[in-house]
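Let's take a walk through this one together, a piece at a time. Have the viewer open and follow along.

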Amino acid sequence: MNASCLNIANLSAVLPNGARVLRSVSLSVQPGEVRALVGESGAGKTMIGKAVLGVLPPSVRIVEGDMLLEGEDLGRLQPKARRTLIGARTALIPQDPLTALNPSRRIGPQMTDRLVRILGWSGQGADARIRQLLDEVQIRDPDRVLKCYPHELSGGMRQRVLIAAAFAAEPRLIVADEPTTALDVTVQKQILRLIAQLQREHGTAILFVTHDLGVVAKISQKVSVLYAGKVVEEAETAALFAAPQHPYTRALMAATPRYTDPFASLKPVDDAVLAGLAAEIAAADQAWRRPHG
Amino acid sequence: MAEPLFSVRGLKVALPDMTRKPLIGRAPMVEILKGLDFDLPRGSVTGIVGESGSGKSTLGRALVRLLEPSAGSITFDGRDITHLPEAELRPLRRNLQMIFQDPMSSLNPRRTIASIIAAPLRQNGFGDNLKGRVAEALQRVGLPQSFASRYRHELSGGQRQRVGIARALALSPKFVLADEIVSGLDVSTQAQILTLLEKLAAEMGLTVAFISHDLSVIRRLCRQVIVMREGAIVEASATDALFEKPQQAYTRDLISAIPLPEIDEGWLLPAAKVPA
Amino acid sequence: MDDGRISRHGSGARLWLAGGWLLLALLAAIFAPLVAPQDPLAQDLMFERLPPFWMSGAEPGFWLGTDSLGRDLLSRLIFGARIAFIVAFAAALAACLVGSTLGLVAGYFGGWADRIISRIVDVWMAFPPVLFAILLVAVLGTGLSSVIIAIAVIDWTRFCRVIRAETMGQARMDYVENARIAGYGRIGIMLREVLPNVVPSIVALLSLEMGIAVIVEAILSFVNLSISTDDPTWGGIIAEGRLSIHQAWWVLVFPLVTLILTVLSFSQFGEGLKARFDPVLR
């Protein structure tokens, strides 16, 4: 039996005013598997990714729960050891490839920096590694790209660069935070294909944050559906699409447009579903508060 | 057959390219739209789809004459509006309305919702019974009357977009341009806004140009579709025909790139090129 | 969910402290003849260089001590506040009116209007402000109105630059475009859609400018180029205090502290107002 790559148990986080933004979230990512976190805005899906990477905004405080990265309890580590561990074993593919890159530095040094400075690679080794990865993400003219400034590349190219950078240090886990949301559909398909291919070849686990059930269906093996910081349904992706259990999941699926079936899709979410969700959240909060004062 | 509401012939729009502006002097012009021909039939929704850089938003802004074309002609309701000066456009504006992509930026933060909806009414000679007209507009888009005195930051994204629709429809215009009006919204809200627009367009017999990058949404809402790429029309046809028998390879690529919410193991595999 | 309350944190205390000091100083200035314990001009060589109340040798009724001619320092500061506030309000308002109008026009209309106004601003800002002020007063002659005109003439560019930039940002907003769709003309859009959104910046700048006007007025009276030398001004008191710094430090220190507190309060008050009443600030 092999240990989970990432194991989150009962994670709760609050804002300064006491409101819970994560509500006893539990999920795990096995080595080499893609788990999608899907939900609408405010669902807390990005927050979970940030919690794993240790980059929650200062106003958000984790009040309960454990996060185990390859069996190591992140909560028990000293801050410095935690940073090192997270830095060595995880990576991020961000949503907006433009703001994730420093506009005033060339691509090359930005990509090698992390390998050299944080992970102590030699400059030459890092350079060779980056070129190899650029080849894997099908960038055919690495010399030109490495010399470019971010604004000189198209959105799709920038995202390829960031994917290459994410895989460069062979992380065990990648958090992909809406990595294709800003892209055109045809580019999105290429990028998803690349991520899937590199993920398979490198055996990397991915926590894939998205709002798009279509993307979930294509890229993931497991999925957690979130609403208001709570996991409302958790399943194998194939099972979820075959038979969604939670009314909210069903409503989301019915609301998602589908060109193959235009009139059965795009159904507004029923008020009763939302009322049911609100009641479910309230009950969960009450149950949680009882032992926590 | 009735004459179309819009008749566009050889439409070209050129804009200054600020990224290549020399230190001294004017920026060079780039042609964004490279000669478009199409009609918009009355009383139906036409989708305009394309990826970024296709020129679909520029086309929209030329239709409502926020931009002046550099060549070609736009005939609206039998009248050539291609080069009408702003002052002569003003009386036509009530029939050329627009719903914006970003309801945050399209609502003035310092005006109440009532004042925002009332502005086009007041300016176009419907200053009497403003209160009643605003109330009617709010009701039409399913917002409670209490919203009249609120500001945009007190509203959710979906509610803001309802205000944008209420404002555009307050004058019962002949034409409405809807520019990516749901691309910033969650799916559940998106469905509400689209079904609302669909219902109102049918009830009021509106002619709508619906700009979107999302073909799934277009299929539901639009009777015909114009597919654009790099400032030119790739393909224009009735919606069902476009989806069932796309004529152009680019259209087929666009359709097949949409990730449908259903399991399809082969979708991500490198395309085994089907021989044409 | 979170609507930016965090960024507003602390603006409350700042607003109240700064506003409190300004209100106190303003009331003292308005009611100077009633609240000043002594006649600010009355000289009494028996009472020269009296120390402030907590030091030995102090006399009751002369709370902050006296200067080398035996004039009561507190009374002189209170009367000096009159000049300071008149100059602050009048000069800042004049600069604001001219600068904001030109800034709005340049930012909204762009084109040649913007080019002309921006060039004038560039040229204006190339002048060293204090020398410019001294030169202007030398030409206009001393006196309250000359000081006010000089400050307004120099500092309208501050408003013009900021308001131009803000207006350009506003002009790109969809609601400005939508006003065209609604059938508004250019002037109508500028006044209806753009102006209300730059008002918070104008208010903050106005308050900041009042503080700057107080400083400039002090500098001018320091070099004896403000109003007639008889009336007490903060700058004038500081100039006199400088001469007797070794015998009576308080004559220099109290007006300096008053000046600094007032200028600081003006800038903090403006920022506080903006943070508190701007519904958009996030």
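The crossing of α3(A) and α4(A) is right-handed. Keep in mind as you look that this is a predicted model. In chain A, helix α3 covers residues 107–118 and helix α4 covers residues 123–136, and the two pack with their axes 9 Å apart at an angle of about 130 degrees. What do you call an arrangement like that? Angles over 145 degrees would count as roughly antiparallel and 65 to 115 as roughly perpendicular, so α3(A) and α4(A) come out as oblique to each other.

If you want to see who does the touching, pick out Met111(A), Thr112(A), Leu115(A) and Val116(A) on α3(A). Facing them from α4(A) are Gly123(A), Ala126(A), Asp127(A), Arg129(A) and Ile130(A). Sorted by class, this contact of α3(A) with α4(A) has five nonpolar, two polar and two charged residues.

Staying in chain A, let's turn to a sheet. Six strands make up an open sheet with mixed pairing, and reading across it you get β6-β7-β8-β3-β9-β10. Which strands stand at the edges? They are β6 (90–93) and β10 (230–236) of chain A, and each has a single partner strand, so one side of each has no neighbour in the sheet. Ignoring direction, neighbouring strands here are turned against each other by 15 degrees on average.

Zoom in on the β10 end. Strand β9 of chain A, residues 222–227, pairs with β10(A) in the antiparallel sense, over six bridges. As background, strands of a sheet pair through backbone hydrogen bonds, in either a parallel or an antiparallel way.

Now look at where chain A runs into chain B. On the A side 34 residues are in contact, and on the B side 31. Four elements of chain A each give two or more residues to its side of this contact: α7 (185–202), α8 (213–219), α9 (237–242) and α10 (247–255). Helix α7(A) supplies the largest share, seven residues. By class, chain A's side of the contact with chain B has 19 nonpolar, seven polar and eight charged residues.

Over in chain B, there's an annotation to pick up. An unreviewed UniProt entry labels residues 13–255 of chain B as "domain: ABC transporter".

How many helices and strands does chain C have? Eleven helices and zero strands. Taken along the principal axes, the C-alpha atoms of chain C fill a box of roughly 75 × 50 × 30 Å.

Chain C has a helix pair to look at as well. Helix α4 (residues 73–109) of chain C and helix α5 (residues 111–125) of chain C have axes that come within 7 Å and cross at roughly 135 degrees. That makes α4(C) oblique to α5(C), and their crossing is left-handed. On the α4(C) side, Leu102(C), Val105(C), Ala106(C) and Phe109(C) do the meeting, and from α5(C) come Gly111(C), Ala113(C), Asp114(C), Ile117(C) and Ser118(C). Grouped by class, the contact of α4(C) with α5(C) has six nonpolar, two polar and one charged residues.

Key
Residues numbered from 1 in each chain as written. Chains lettered and ligands numbered in written order. Predicted model: local features only at pLDDT ≥ 70, side-chain atom pairs only at ≥ 80, totals over all residues. Axes fitted to C-alpha atoms, helices over the stretch in contact; angles between N-to-C directions. Parallel < 35°, antiparallel > 145°, perpendicular 65-115°, else oblique. Left-handed = near helix turned anticlockwise from the far one by under 90°. Contact = placed C-beta atoms within 7 Å. Nonpolar A, V, L, I, M, F, W, Y, C, P; charged D, E, K, R; others polar. Pairing = 2+ DSSP bridges. UniProt positions renumbered as here; feature names shortened; annotations may be inferred.
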